[in-house]
Each structure stands twice: as structure tokens, then as C-alpha cells.
Amino acid sequence: CSVVFGPGNRAAFQQVNRTGVAGDVYSFGMYSASQNAPIGGNYRIELSFFNNLNKPMGKSSLYFNPLTHGFEFASGSAGPTGNYNKIIFKFIYNNTSGRAWFDDAFLYFLGNIP
């Protein structure tokens, strides 16, 4: 997916309906570029796991550098702390000025590490 955000509190998300257990490991990430993004804002991607009661079962964030003018790649791994039935992949740009492009998000299941 691709999304562009301007100034303000902006967020978009993708929901993946998938069941799993503690010990599951995912690789996630994406490319992003900013233009005139101020230092000190909130410019990141976030992966969260939720159970069937919508209770959070773990979260991991990756931050982008607002001073990068070309596309920057961020990736990492994350896993839940308990059983889950949905994953939310969120793109966040909370800044008073500038804009950010988010592109080529990915989420891969790597397996279960007991």
C-alpha cells in the first residue's frame, strides 16, 4: 500500500485477521520519505497484536529519521505476548508541518519460537 500524509495528527492502518500464539515471530517494515518534517514529531510504523477481546497482546514500533529526504527503509521483528486473532499495522505521522510518504509495507510470518 502507499499513503501520503501532510501536517497534523495522521494515521492509517491495515488489519490482518490471523490467529496465533505467544512465540510467533513476524518480520515487518516499509519504506518512507519525508519532506520538511520537523525534529521531535512522531514519525513511525507500529505493529500491534490483539486477542478476541480486543486486548493488546504486544506492540513494536520502528521510527523514521525526519531529516532523510530520500526513501528510508525500516524493518524489524515482533511477536505477541499471548494468543491473538488480529494484527494491526499502523503508519503514523504526527507533525505540525511537512509531509511523509509511506510505501511498500510488508509483514511476514517467520514461525514460532517456543
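Tutor: Let's start with Arg 44, which counts as buried because its relative accessibility is 12%; buried here means under 20% relative accessible area, exposed means over 50%, and partly exposed is in between, using a 1.4 Å probe and protein chains only. Keep in mind that this is a predicted model, where local features need pLDDT of at least 70 and side-chain atom pairs count only at pLDDT 80 or more, while totals for chains, interfaces and linings use all residues. Residues are numbered from 1 along each chain as its sequence is written, and side-chain values use heavy atoms, with hydrogens and water left out.

Now for the partner: the side chain of Arg 44 meets that of Glu 46 in a salt bridge, at 2.4 Å from N to O. The rule for a salt bridge is a side-chain nitrogen of Lys or Arg within 4 Å of a carboxyl oxygen of Asp or Glu. Glu 46 is buried too, at 7% relative accessibility. Glu 46 also forms a salt bridge with Lys 59, with the closest N and O atoms 4.0 Å apart. That pair links distant parts of the chain: Lys 59 belongs to strand S5 (residues 56–63) and Glu 46 to strand S4 (residues 42–50), 13 residues apart. Strands are DSSP runs of E, at least two residues, numbered from the N terminus. Lys 59, though, is exposed, with a relative accessible area of 59%. Put together, Arg 44, Glu 46 and Lys 59 make a salt-bridge network, and the salt bridge count comes to 2.

On to the rings. There are 15 aromatic pairs, a pair being rings of Phe, Tyr or Trp (its six-membered ring) with centres within 6.5 Å; planes under 30 degrees apart are stacked, over 60 edge-to-face, and the rest tilted. Phe 91 and Phe 102 are stacked, because their ring centres are 5.9 Å apart and their planes are at 20 degrees. This pair also links distant parts of the chain, with Phe 91 in strand S7 (residues 86–95) and Phe 102 in strand S8 (residues 99–112), 11 residues apart. Both Phe 91 and Phe 102 are buried.

Key: Helices (H or I, at least four residues) and strands (E, at least two) are DSSP runs, numbered from the N terminus.
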